[in-house]
Amino acid sequence: MHFRWIVAAVAATACLASVVGAASSATAAGPPSFAAGPAFGFVPSHNANQQKPRGHVLLLQWYGGPVMHSTKVVPVFWGSRWTNSSFTGDKVSGLDYLYSHVGGSGYAHSNSEYTDGLGNVNVTDISKGSDLTDPSATPSGAPSTSQVLAEVAYATNNNPVPNAYYPVYSDQPRGSAGYCAWHSTGTIKGIEVQFGFFFNLDGDPGCDPQASLSLGHSQGLSALANVSGHELSEMLTDPQLNAWYDQRGDENADKCAWTFSGTVTIGSQSWKIQGNWSNAAANANSGYANRGCIETS
């Protein structure tokens, strides 16, 4: 079984009780008030990463779900260390810059070919909302999707922006977890939201893209930026986990995890962020990494 599905099954099992409980309280007239989906798009650490099989190239297929046509990103910084400037360093300001300038970039445009019944992913209309910080303690170990969605509910006072994306950044290292980040979908009081989870990756060689310090970003920021690009891309193309992925369950960023072709420009800054899979590039044999990965388009 593919790594993503192994961990997804564990995460889904961990949050099943709360999801079922929420669903049982819902009426036929509307969605459950609180329900978290499974975790998708895991970024495996280097030592857990498995080589994609060579030979037949699997294209992404559309499974009928929506893509994002307008995106508001609201980062959530979870844990008491986010109030400590020596820990925070350039991570918050760097992620703020990334999310504020990614819309309309060539990197974001690498997601633009994917579509639903209403049109293609809108890679221009990506805006950033105000950061949310919660100094309460994060769970020990790897949290379930329900725990992370509950944090989004708490941070937003149970009033999230409908259909927004809430990447949740923990102040805790990943420990023995075999992944760096994931994304999911859920509802808070019936409001659909997308969300992601990210460990603190300071000094973590398993989740380090080994970006040059000459780019002007600390190691911890570079590591978070790379996996943030991964999860943002998958959220744009598969926000409710039912849109674009291949027969193995890999989404567009999964198929290019830990593969790079130079750096990407976002705003006026250069970043080392992995590419995304393009069916068009694969069909034209014009991409890198098994012929289908692109970093910009």
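The model is predicted; local features need pLDDT of at least 70, side-chain atom pairs count only at pLDDT 80 or more, and totals for chains, interfaces and linings use all residues. Residues are numbered from 1 along each chain as its sequence is written, and side-chain values use heavy atoms, leaving out hydrogens and water.

**Helix H6**
- H6 spans residues 219-237. Helices are DSSP runs (H or I, at least four residues), numbered from the N terminus.
- H6 reaches 28 Å from first C-alpha to last, close to the expected 27 Å (1.5 Å times one less than its number of residues).

**H3 against H6**
- Lys91, Gly94, Leu95, Leu98 and Tyr99 in H3 meet Gly220, Leu221, Leu224, Ala225 and Ser228 in H6. Contact means heavy atoms within 4.5 Å.

**Leucine 60**
- Leucine 60 sits in the loop between strands S1 (34-36) and S2 (61-62). Strands are DSSP runs of E, at least two residues.
- Tryptophan 244 lies 184 residues away in sequence, yet 5.9 Å away in space, C-alpha to C-alpha.
- Beyond four places in sequence, leucine 60 touches residues including Tyr114, Trp244, Asp250 and Trp277.
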